[in-house]
Amino acid sequence: MLKKVVLGVLVFGFAIGITAFYAPSTFSSPFPQSQAQPPLEIDQVKKWIQQQSLKKDHYLEELAFQEINLDQDEAAEVVATITGGAHLGTFFLFDKQANGSYQLISEQSWKIDSLDLEQPVMEIGDKRIYQIVHHSGGTGVSVDTAVLWYVDKGRFVEAWSGELKEVSTFQEEYYVKYGSYYVDGENLYYSTTSYKRPDSDTKAATVFNQKTSAYTFNGTIFEAVTK
Ligand SMILES: [Ca+2]
């Protein structure tokens, strides 16, 4: 069942880098593109979004995209992102259809600061599982969330998600939670530590709330393991 165990993945929310995802660039695909096929232009991707997205007010000036083969078929999928304001962004995934057209198979309200799809973070069976970290928040709240996902026969599957960092200030209380996950074969362990302190007091916290949960891959998603 388990074809390959990739090194355990340990991610800390503080390691979010700067944007490494520029438009319009095309990353190499393991499958050579046909000579007859012209390179994909950003205007084409904008047109697909305008035609297929249910939301009509996307800020397309900030669009970036890449063609990358994420699954087992030979065609490259197209991943596009819009990075808007501090907490706003969108992720799009297009899958090539048998007739050559591209179908929007996922649209998420994710602001992605740094997108690295060069390598999956793990492979289970024939599923190449990738990580995306997206940022959300609002007044006094900032959250980084990791999502593990894959493409399976033209379908986008979100296999797991967990917060890597949450920082908030509410009624003069400063709250921090930071999390990480570790993958061991088909099992995933997610640990968080949180603390709070008065917003005005920067003295180190000494009381922590720590929690670890286990998940196991059920063939489709990582499912919480209960005793
Ligand atoms: Ca593909």
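A strand, as the word is used here, is a DSSP run of E covering at least two residues, and strands are numbered from the N terminus. The model examined below is predicted.

**Exercise 1.** Determine in which strand R155 lies and whether R155 is buried or exposed.

*Solution.* Step 1: R155 belongs to strand β9, which covers residues 155-170. Step 4: along the chain R155 and I105 are 50 residues apart, yet their C-alpha atoms are separated by 6.5 Å.

**Exercise 2.** Describe the open sheet of 4 strands and explain why β1 and β4 stand at its edges.

*Solution.* Step 1: the strand order is β1-β2-β3-β4, and the pairing is antiparallel. Step 2: β1 (63-68) and β4 (102-108) each have a single partner strand, so one side of each lacks a neighbour in the sheet. Step 3: from one strand to the next, the twist averages 20°. Step 4: within the sheet, β2 (residues 77-83) and β3 (residues 89-96) are joined by 6 bridges, and A80 faces F92 of β3. Step 5: helix α1 (residues 42-52) lies across β1, β2, β3 and β4, at about 100° to β1.

**Exercise 3.** Identify the strands that pair with β12 (residues 209-217).

*Solution.* Step 1: β11 (residues 187-198) pairs with β12 in the antiparallel sense over 8 bridges; Y189 stands opposite A214. Step 2: β13 (residues 222-224) is joined to β12 by 3 bridges, also antiparallel, with A224 as the bridge partner of Y215. Step 3: β12 and β13 form a hairpin with 4 residues between them, and G219 in the turn has a positive phi of about 105°.

Methods: Residues are numbered from 1 along each chain as its sequence is written. This is a predicted model: local features need pLDDT of at least 70, side-chain atom pairs count only at pLDDT 80 or more; totals for chains, interfaces and linings use all residues. Two strands pair if DSSP finds at least two bridges between them. Axes are lines fitted to C-alpha atoms, for helices over the stretch in contact, and angles run from 0 to 180 degrees between N-to-C directions. Two residues are in contact if their C-beta atoms, placed from the backbone, lie within 7 Å.
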